[in-house]
Amino acid sequence: MTHLLHVLLGLAFAYVLVSFSEYVVHRFILHRMKYARLLGSRYLERLCRTHSGVHHRRDYLHDRHEGDDRVRDLSLTGLPIPILGVILVWPISSTISLTMFFFAMVYGFTWWVVHDEMHERRGRAFTRTAVYRYIEWKHYLHHRYPGSNFNLILPLWDTLLGTATSREQQALVRKEMSFT
Ligand SMILES: [Zn+2]
Ligand SMILES: [Zn+2]
């Protein structure tokens, strides 16, 4: 029973932490050059230029890949926050800690497959699910309004920090889509 409880706690902690990492990296690194410059990091500058200057400037449906976000870079940049959580929790419970680690690894892979599907439309089976359609709509809105919807597959922090797209913005995009 305790073991199961620790696994559930690990999943809950990991969700909050990984969602936070997804949010922070996307909002403050991929969309804000000033923090990369403040830290004097050419690596972070390149990530920002690639995401804001290439990924977001392309049509939502991509037909080219050169210069776009790289899976290795995004995975490495998103890792420190969850890994710090895994290390801090280890002395309290190895089960919670390992569950968090497992969640973060699965997340990294899932994030990439889901984001790739959004821009490539390869027709993977999961695209028929309501969950996918919901998160794709949110990401489509992020591409229309880059100052909102920084969470991609784990919604939480946009709602908590007030950066979710407004009802008015969503209605406007729906209206535009009905004309195309
Ligand atoms: Zn995208
Ligand atoms: Zn973005």
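Student: Is Tyr140 buried, partly exposed or exposed?

Tutor: In this predicted model, the relative accessibility of Tyr140 is 24%. Buried means under 20% and exposed means over 50%, so a residue in between falls in the middle class. Tyr140 therefore counts as partly exposed.

Student: Which kind of aromatic pair do Trp137 and Tyr140 form?

Tutor: Trp137 and Tyr140 are three residues apart in helix H7, and therefore about one helical turn separates them. Trp137 counts as buried at 16% relative accessibility, whereas Tyr140 is partly exposed at 24%. Their ring centres lie 6.5 Å apart with 15° between the planes, and because planes under 30 degrees apart count as stacked, the pair is stacked.

Student: Which residues do ring pairs link into a cluster?

Tutor: The structure holds seven aromatic pairs, among them the one formed by Trp137 and Tyr140. Ring pairs link these two residues with a further tyrosine, and the cluster consists of Tyr60, Trp137 and Tyr140.

Student: How many residues apart are Phe20 and Trp157, which also form an aromatic pair?

Tutor: The pair formed by Phe20 and Trp157 is edge-to-face, with 5.0 Å from centre to centre and 65° between the planes. Phe20 is partly exposed, with a relative accessible area of 30%, while Trp157 is buried, at 17%. Since Phe20 belongs to helix H1 and Trp157 to helix H8 (residues 157-161), the pair links distant parts of the chain, and the two residues are 137 residues apart.

Student: Which residues coordinate the zinc ion (ligand 2)?

Tutor: The zinc ion (ligand 2) lies 5.9 Å from the zinc ion (ligand 1). In sequence, the donor residues of ligand 2 follow the spacing H-x4-H-x19-H-x4-H-x85-H. Each donor residue contributes its NE2 atom, at 2.1 to 2.2 Å, and the residues are His26, His31, His51, His56 and His142.

Student: How many residues apart are His31 and His142, and what parts of the chain do they link?

Tutor: His31 is buried, with a relative accessible area of 14%, and His142 also counts as buried, at 0% relative accessibility. His31 sits in the loop between helix H1 (2-30) and helix H2 (33-39), and His142 in helix H7 (residues 130-144). The pair thus links distant parts of the chain, with a separation of 111 residues.

Student: Over the face of which residue does Arg144 lie?

Tutor: The distance from Arg144 to the ring centre is 5.3 Å, and a charge sits over a ring only within 6 Å of that centre. The residue whose face Arg144 lies over is Tyr145.

How values were computed. Residues are numbered from 1 along each chain as its sequence is written. Chains are lettered from A and ligands numbered from 1 in the order in which they are written. This is a predicted model: local features need pLDDT of at least 70, side-chain atom pairs count only at pLDDT 80 or more; totals for chains, interfaces and linings use all residues. Side-chain values use heavy atoms; hydrogens and water are left out. Donors are N, O and S atoms within 2.8 Å of the metal (3.2 Å for Na, K and Ca); water is not among the atoms, so sites may look incomplete. Helices (H or I, at least four residues) and strands (E, at least two) are DSSP runs, numbered from the N terminus. Buried means under 20% relative accessible area, exposed over 50%, partly exposed in between (1.4 Å probe, protein chains only). Rings of Phe, Tyr and Trp (its six-membered ring) pair if their centres lie within 6.5 Å; planes under 30 degrees apart count as stacked, over 60 as edge-to-face and the rest as tilted. A charge sits over a ring if NZ of Lys or CZ of Arg is within 6 Å of the ring centre and within 35 degrees of the ring normal.
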